[in-house]
Amino acid sequence: MNAFRWHNRRPQSSCLLSPVYLLALLAIAALLVSPVAADKPAADSAGGLRFDVYSIADGPWSAAKTWSPRAPKAGDRVKVSRGTRVLYDVKSDDVKSDDVIRMIQVVGTLTFARDRDTLLNVGIVKVQSSDTCSESGFACDFANATAAGEPTLAPTGPVPALEVGTLADPIPAQHTARIRLHYLDGMEKDDAPALACCSARMDLHGAPMSRTWTDLGDDVEPGDKHVVLAEDVTGWRVGDEVIVTASLHQNSLGGQYRDDPSLRNTEPRRIAAIDGRRITLDAPLEHRHFGTGDFRSEVANLSRNVIVESADPQGVRGHTVYHCFSQGGISYARFAHLGKEGVLGRYAIHFHLLEDSNRGSQVLGAAIVDSHNRWVTVHGTDYMVVRDCVGYGSVGHGFFLEDGTETHAVFDRNLGVNAFAGKRLPKQVLPFDPNDGAAFWWANGRNTFVRNTSCENDEYGFRYDSQKRSNFDSNLSVRSATGEYEKVDIRTIPIYRFEDNEAHSEGLYGMVVAGTDRAAPDLRHPHVIKNLRIWQVHYALRPQVPAMWIENVKIDNAVYGIYRPEFENHVYRNLHIASTSSEPFNRGQDDDSTQHGSITVDGLKFTDVRGDGIPLIQISDNNPSGRAESHFRDVRVERHEGRRQKALVDRGGGAVVKPKTPSSVPVYLHDHFGPGRHAKIVSTAAGDFPGESSDFRSEPPLTGENSRVAEVRDAAFPKLLDPIDDAPPATIVTYPARGVAAKRNGNRLIVRGTTTDNVRTKRVVVNGVEARDVDYNFHQWEVTLENVAPGELVIEAHAEDAAGNVEQHAHRLVIAVE
């Protein structure tokens, strides 16, 4: 995989080459797809490789008449020929472990039977419009591809397809369809085994579930053999594999969960019985799991009836990839024991440099289990939907946006558990990423993360990290709201939407927002974080960039609450910090004790703060600009315990810092002494401290050993940020899917999709008809189009938000209607 994107070189193209080169490529492609090449076995070879078997008619895989010169057998390289449709009908019971097809190239259509359990043992499956045969499990084999095998030209003509169910007609729940990927001698270990889609269609769809994971509905004690779910679920079955996630934090140093499983409290089990919301497990649980109150563990189902897995998890593992111009998607499928550790681009699920060519594709309800290289990687791809997925066990980051150019992706209601620390990957695009184990990791703010939960990951639940380094230029070509590409310093792109997420029981951090050089968005477009819950972690929230709006955050049972902040134009609203044991509200840059700008905190409650000595709110010792101030309003302290009571405001923290600037940062508690009577608290170590006087006095527990307070009346509560909503919504039509004929109900056609907005969506319009909000302010919507005739139908969907911003880059697609 190359560390560049084609559109970074040609900002307004979609993987297109020069007109002269295109003509040459088209001429070569015409030769490759000529009738002679398509029909005669002599042309079914290239690079010294030859197809052993190819289809000559529609029919079952098991029927000899479907093939020439014979039916496929172990060791064959098989081609499903252009214009043929082959039904994979081999029952699982009829397949021996050593019956492994070496390679299948799908140039026509390969679809899996829906009336039986099927098993395909195979080395490589490639879906592509090519009669060239190679055993690369990554590179595409046609003329209009780069030297690395990456497509550069949208295909024409019939689209090859691998169908293991479709979104409209998934594999029925009573049957399983399994693709088992085998490494075979002579294959390249960094590439194979693999499932690769090259500008074609790959659909993998299992039986739906109402929810793939849910909170616990009651507490679980050690020795309990049953759990209660917080809500009703459908699609869960006896025998399914589940996990009950951790509650208590066991790893205070990070990076230890993989090497020391005894530190993990997440427990895998199987379902022995189901009685409504009460699930009986196959063995008692060993740990306590919270199931009441505000902070609860989860129960997640890892079983699906469509499975892609490595045959030898301890040996050479497989991977999957969608290339540019590919269609199709994934729903309720299981990806197990995939991902090549330490190999760039060989991931469990990988969307590679598709830009917006696959707009409408989604990963819905998937379970990604025991990956050695990420769960879902979105690389150079826009408008991707990842919803209701469960990631359990990954080497390196789990849900991952790879190179900082990805935009308008929607990560909604996913659960990420046990992303373990890995190593930096060779030639990775972002050199500053240590790949140290985050459930969710991204570098471009123009994406949506809502309703996701992370648990027991080695280093972080969530990490946004956007940096400029000597070996990386953060000025990148990214898609704007108009659909065109613009070159911009991605560090200045605000976090578009981060809302209703939760991190708990993490190895080290709940959430980190990181950057370099204090680069940030402007004051009218700050980073926005809302409705975040972090509990049972070491460090809760590390907001290490300026210009942040942080609202409705609950922190519970952390050692540190707000940690190592880059205090400069930060606005906090409604912050609740409970049961911290060390530093609830850290000074600027922690032990550097430096604050470059002002902050406001409107609504701050401390509850059950434990420990001694360190104050609840720390004064920053260094004020380089001389203008930095910290303003607090509506500060409450409840059940403040310890051997000695902490000061509310004082110098503090681990290291004693000698001030380097003439002044420290004053702290104002507005209306502390009554309406209009404010408390100004300063450090006694500051160069401008006026000394002990009747104006500045000690007043424990408001002040501590190194702080003094004066009453002032002329302090205004500043307005640091003036956010405006001028960003339009982003809409993705997820059903009907391209490449599969849509079925009408009479003359009506249902269309579904996802729309996200940084504040609130007002309406979604599809072909002039307003859609119905199904869930979470149009994150799922539906509309019925009337008087739809069979044939070709153009669907165009766009949205408008509450501020009046109308989507400029509408989703337009052409589908076939039956």
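Biologist: How should I read the confidence here, and what is the mean pLDDT of the protein chain?

Modeller: Residues are numbered from 1 along each chain as its sequence is written, and side-chain values use heavy atoms, leaving out hydrogens and water. The model is predicted, so local features need pLDDT of at least 70 and side-chain atom pairs count only at pLDDT 80 or more, while totals for chains, interfaces and linings use all residues. pLDDT is the predictor's confidence in each residue, from 0 to 100. The chain has a mean of 93, with 93% of its residues at 70 or more. Over residues 1–47 the pLDDT is below 50. Where pLDDT is low, the predicted coordinates should not be read in detail.

Biologist: Is Cys140 buried or exposed?

Modeller: Buried means under 20% relative accessible area, exposed over 50%, partly exposed in between (1.4 Å probe, protein chains only). Cys140 counts as buried because its relative accessibility is 6%.

Biologist: With which residues is Cys140 in contact, leaving aside its neighbours within four places in sequence?

Modeller: Contact means heavy atoms within 4.5 Å. For Cys140 the partners are Gln128, Ala145, Gly149, Pro151, Cys198 and His323.

Biologist: And sheets: in what order do the 6 strands of the open sheet come?

Modeller: Strands are DSSP runs (E, at least two residues), numbered from the N terminus, and two of them pair if DSSP finds at least two bridges between them. Here the order is S15-S20-S17-S18-S19-S16, with antiparallel pairing. Strands S15 (213–215) and S16 (226–228) are the edges, each pairing on one side only. S15 is joined to S20 (residues 298–301) by 3 bridges, and Trp213 stands opposite Ala300 in S20.

Terms used. Helices (H or I, at least four residues) and strands (E, at least two) are DSSP runs, numbered from the N terminus.
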